[in-house]
Amino acid sequence: MLPKRLLAAGIVATFLVVTPAVAQAAPRPVTATQAASQATYEQKLAVAIKFGRGDDFALIEKTDRDFVIAIWNHVKTDSDHLEVRAAAELAFSEDVESAAAYDFIVTGVFAAFDRDVARERQEAEAKRQSDLARSAAAAGIDVVADAALLNGSDADFVRLIWERLVDDAKWPKVKAAARAARDGSDEDRRVFIATGMADAARQDVDDRIAADDAKTEAEKAAERARAAKKLAANRIGMTVTDQLLGLPDRDFVTEVWNFAADGTEVQAAAVAAARSLDPAVWKAFIETGVHAAKDRDIAIALERAHQADRALALQIKAAATTNGDNNLAWWAAKALAGTPAELNDFVRAGQFDLDLATGFETADVQPTTPVSGSIDGVTTPTVAVASGAGHTGTSALVYSGADVNTLTSYAYLKSMTVSRIAVKPSTTLSYWIRPQSTATRPEVKTRNSTCVSIDLVFSDGSTLRDSGLTDQRGTRVHPAQQCSKIVADRWNQVVVPLGSLRDRQITTVVVGYDQPRNAGGFRGLIDDLTITDQPVEITDPGFEPVDYPLDAWRNDFNSDGWADVIARNPAGELKYYRGNGKGSWIDPSTNIQIGTGFQTYNHIFPVGDFTGDGVLDVAARNAAGELKLYRGNGRGGWSNGGSPNAIGVGWNSFTAVFSPGDFNGDGHTDVITRNAAGELLLYRGDGKGAWIDGSTNIKIGSGWNRFTLIFSPGDFTGDGFTDVIGRTSAGELHLYRGNGKGGWLNGTDPDVVGTSFNSFNQIFSPGDFTGDGFTDVIGRNAAGELKLYRGNGKGSWIDPSTNITIGTGWNQFNLIF
């Protein structure tokens, strides 16, 4: 929170600004679900007139909620209507029409307006009291307070007094006191103005009189008496005249009695002195009594103001706690624990202009509970404070969840409701994040843990993630853009300048996870979160770029993150078996029929994401040589099942057709064919459901007619490039390692990775079937058994001598992929 100018000279009046609830803004016009009660035209007209918009008929005809938003937009930058702004933010915080908007229009806006007026009056009274105290202090050294002395801060007043006296030999003690106050605290300066300057001036006058050798003792006594009356009159703001200073002591005391406000300590002391018949009592009152009484009046006024400030801060804290605004509640508690000046600063202005800073320690701002948010494709998403090693301290905010969908996966969890945080040109978001890796937490995917960032929701309904803003490394602060841009198992600093979003109000702090590709768990820690207008030091030394891999390729037909298998029976029915990601099936006794009439095709094969929409597609070739594309919908069905797209003709000339995925490294799925001459030909997909050049293929091999079966296991070697396997008539499996550029690393000398595979009448790869991150191979033998060979991610097998039976009765199908 920025320090505010403190007009604390003498007496500072408190500002009884009662904020009934915490502001939480999200003004996105919504026309759904109308409230049971709608404000009348006349009621809205009364509000519009209050703000000088009585002729704005379009405003008056708005729905209640949109009307409140319009009033908020009208006052949001007006410092004279801070209470109206806060009340409006609370009224439209819900996304639908509600009673809150109606209540605001009918009564709430007028109450808030009155509070703003009361605050302005009290600010004016505080300024008047400050002017009186400063004028009295200045008069003590024969200075008439000008605008410069009256309108600055306490520090400005003290500095100006010191500068005016720096070469004046008449006021050495005042000059010394001013220097000490200038170099001291805010409280030192307040005391200097209220009492210290008058005390020092009295001493300087006494010293000058005592040092005047030209005067007799009687003359000195008379001069001291006259000076004492002048100081007393100045102290309480009486106009000093020769007539006043020439009055006998008791008459002077009576004049003070008549001047002093009823009920004050000065009046009471003057009455007591005037009633006495002892001249020593009158003299003591003039010299010290009036000053002591004025000090008591100041102390009483300050205590009353302090108690009123405490009552208001307690109301603000209670309302903030009820509404889940833990940041405002924290600032209120901090103000209540601070000095009277700090408390007054908070209730007067600070409550409307907050920062956020938390390390999630017990004494820090805590997240809002229960956690809620927008979630899709993620189970058990959680954000909670946990003890342990934070970036600093012993606590941090832990995020976690399980991604169960490779098509759409996000969890935007509302971690804090906040209010009164306005974005200024210098505002910066900063936090530290420590994603956890698979090595640290076996249940998570390292890449997934990095796809997290702090998101902010603003009062106009917009979000930080969609703003296009970047962090100090130039990376967009969208969770999906942060994937692999931060390093796992270390603390990463993220600093985001928000200045381009100035004038927006932050209403919600969100922990966001978002990425559409990888399934699996995610977990990490966030600490030292700040939103501040002060400079933020970047202390993270940075790091080398990282590239945590995506999940291994798999035939995931329903986007649950696990490899599936599809089979066709002689009747042309397509059956879909859902893998469980553990080397078996979700329900091995049940399959799902996803198509009929597929007996018209002599070959069917998966082509990965051929259309670029993120889901698995399937291609089929008919007897006429036409290639048809069936676009998956990511939910175990088709987007165009009744009308597949024709993507090729003349394909009946090929003796083998399959897709290796992205074979040339351009990010798009490709298809490889073998012709009768044994040549291997590459057709490059364009990522949009067609070809880069459909009339042209690229020859990538010859002599491939020696293989009785060819398929691709994806990246079988773990080098990031897709590979191809061919089976010879002798049953050997030969591995050709792709180079990621449309060619081979070992094209003339393939690796033998298996023997005796001629016992299988079908061999294919579903990708990573076991969930260990490595692609696997499945074969069907003559008995109809399905055998699983687990890849080791290094171009071989976890146990090359052993396979796992994962199904029987599969000889009912004439095609499996």
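Being a predicted model, it is read with cut-offs: local features need pLDDT of at least 70, side-chain atom pairs count only at pLDDT 80 or more, and totals for chains, interfaces and linings use all residues. Residues are numbered from 1 along each chain as its sequence is written, and side-chain values use heavy atoms, with hydrogens and water left out.

The open sheet comes first. Its four strands line up as β2-β5-β9-β7, with antiparallel pairing. Strands here are DSSP runs of E with at least two residues, numbered from the N terminus, and two of them pair if DSSP finds at least two bridges between them. At the edges sit β2 (372-376) and β7 (452-458), each of which pairs on one side only. From one strand to the next, the twist averages 25 degrees; the axes behind such angles are lines fitted to C-alpha atoms, and angles run from 0 to 180 degrees between N-to-C directions.

Asp503 belongs to the loop between β8 (492-497) and β9; its phi is near 80 degrees, a positive value in a residue other than glycine. Another aspartate, Asp528, also has a positive phi, of about 50 degrees, but Asp528 lies in a strand, β10 (residues 520-532). Asp528 counts as buried because its relative accessibility is 17%, buried meaning under 20% relative accessible area with a 1.4 Å probe and protein chains only.

Strand β11 (residues 565-568) has two antiparallel partners. Four bridges join β11 to β12 (residues 574-577), and two bridges join β11 to β30 (residues 815-816). Arg568 takes part on both counts: in β12 Arg568 stands opposite Leu574, and in β30 its bridge partner is Leu815. Along β11, Val565 and Ala567 point one way while Ile566 and Arg568 point the other, and all are buried. The hairpin of β11 and β12 has five residues between the strands, and there Gly572 takes a positive phi near 90 degrees.

Leu709 sits in β22 (residues 707-714) and, at 16% relative accessibility, counts as buried. Setting aside neighbours within four places in sequence, Leu709 is in contact (heavy atoms within 4.5 Å) with Ile725, Gly726, Arg727 and Ile763. Leu733, 24 residues away from Leu709 in sequence, lies 9.4 Å from Leu709 in space, C-alpha to C-alpha.

Asn781 is part of β27 (residues 776-781) and is buried, with a relative accessible area of 12%. The side chain of Asn781 makes a polar contact of 2.9 Å with the side chain of Glu785. A polar atom of that Asn781 side chain also lies 3.1 Å from the backbone nitrogen of Ala783. Polar contacts are pairs of N or O atoms within 3.5 Å; within protein, one must be able to donate a hydrogen and the other to accept it, and residues adjacent in sequence count only if both atoms are side-chain atoms. Not counting residues up to four places away in sequence, Asn781 touches Ser759, Phe760, Asn761 and Lys787.

Conventions. Buried < 20%, exposed > 50% of the residue type's maximum accessible area, 1.4 Å probe, protein only.
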